[in-house]
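Please keep the structure shown below in view while reading.

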Amino acid sequence: MNGLYEISLIIGDAVISNPIQWKIASINLQLSSSHSPSTEEAVSPFVSKPEIKHLFREQEIRPAPVVSNAFSILVLLPIVILFGLWLKIGLNFSGFPFTLSALVFHTGLALIFGLYICFFIKLNMFQTCKYLTGLGVITFLAGHSLLSRLAKNRK
């Protein structure tokens, strides 16, 4: 491995029969002799290699479980308040039209919210957009039909 090496710049490709070649420099390399591979190691790929020691990255510091649980409760608190207020004032289903467009619209909304949950758990952005396109079109058409029928009934 020790010896005189020449650095050249070659300009050309497979089509050019006479490439341009410039000699840039000559370097005399004297490598350390602490580990010089024997001729057997250089020739045989079956000689055992030295063991590679890998250091894993230290685990990131996580907040205490109390902090995580408190944050989860704060995130879910508005939904709990919503259901509590609905129970207090009473739900009014008398104005809900039980038509196909109303059922498809509300089912579509529920599926869109479920799709968002799936996005946070396992889907990527492109898969989510693909599914959301189909669900959005169906929900939009059903919602438009539902709102048209409600506006027509109020007149």
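Helix 2, which spans residues 65–89, contains both Phe 83 and Trp 86, and these stand three residues apart, about one turn of the helix. In an α-helix there are 3.6 residues a turn, so residues three or four places apart point the same way. The model is a predicted one, and in it the structure holds two aromatic pairs. Phe 83 and Trp 86 form an edge-to-face pair, with 5.6 Å from centre to centre and 70 degrees between the planes. Phe 83 counts as partly exposed because its relative accessibility is 46%, and Trp 86, with a relative accessible area of 36%, is likewise partly exposed. The rings of Phe 119 and Phe 120 have their centres 5.4 Å apart and their planes at 55 degrees, so this pair is tilted: edge-to-face would need an angle over 60 degrees. Phe 119 is partly exposed at a relative accessible area of 31%, whereas Phe 120, at 69% relative accessibility, counts as exposed.

Helix 3 covers residues 100–121, 22 residues in total, and reaches 31 Å from its first C-alpha to its last, which is close to the 32 Å expected at 1.5 Å a residue. Within helix 3, the residues Ser 101, Ala 102, Gly 108, Ile 112 and Leu 115 are buried. They lie on the same side of helix 3 because they cover an arc of only 150 degrees around the axis. Part of what covers these buried residues is helix 4 (125–154). On the other side of helix 3, Phe 113, Ile 117, Phe 120 and Ile 121 are exposed.

Charged side chains give a further set of contacts. Side chains of opposite charge can pair when their charged atoms come close. How many salt bridges are there? The count comes to two, and they are set out here.

| Salt bridge | N to O distance |
|---|---|
| Glu 6 and Lys 23 | 3.7 Å |
| Glu 51 and Lys 53 | 3.9 Å |

The side chains of Glu 6 and Lys 23 meet in a salt bridge at 3.7 Å, N to O. Since Glu 6 belongs to strand 1 (residues 3–11) and Lys 23 to strand 2 (residues 20–29), the pair ties together parts that are 17 residues apart in sequence.

Conventions. Residues numbered from 1 in each chain as written. Predicted model: local features only at pLDDT ≥ 70, side-chain atom pairs only at ≥ 80, totals over all residues. Heavy atoms only, no water. Helix = DSSP H or I, 4+ residues; strand = E, 2+ residues; numbered from the N terminus. Expected span 1.5 Å × (residues − 1). Buried < 20%, exposed > 50% of the residue type's maximum accessible area, 1.4 Å probe, protein only. Arc of directions from axis to C-beta. Contact = heavy atoms within 4.5 Å. Salt bridge = Lys/Arg side-chain N within 4 Å of Asp/Glu carboxyl O. Phe/Tyr/Trp six-rings, centres within 6.5 Å; stacked < 30°, edge-to-face > 60°.
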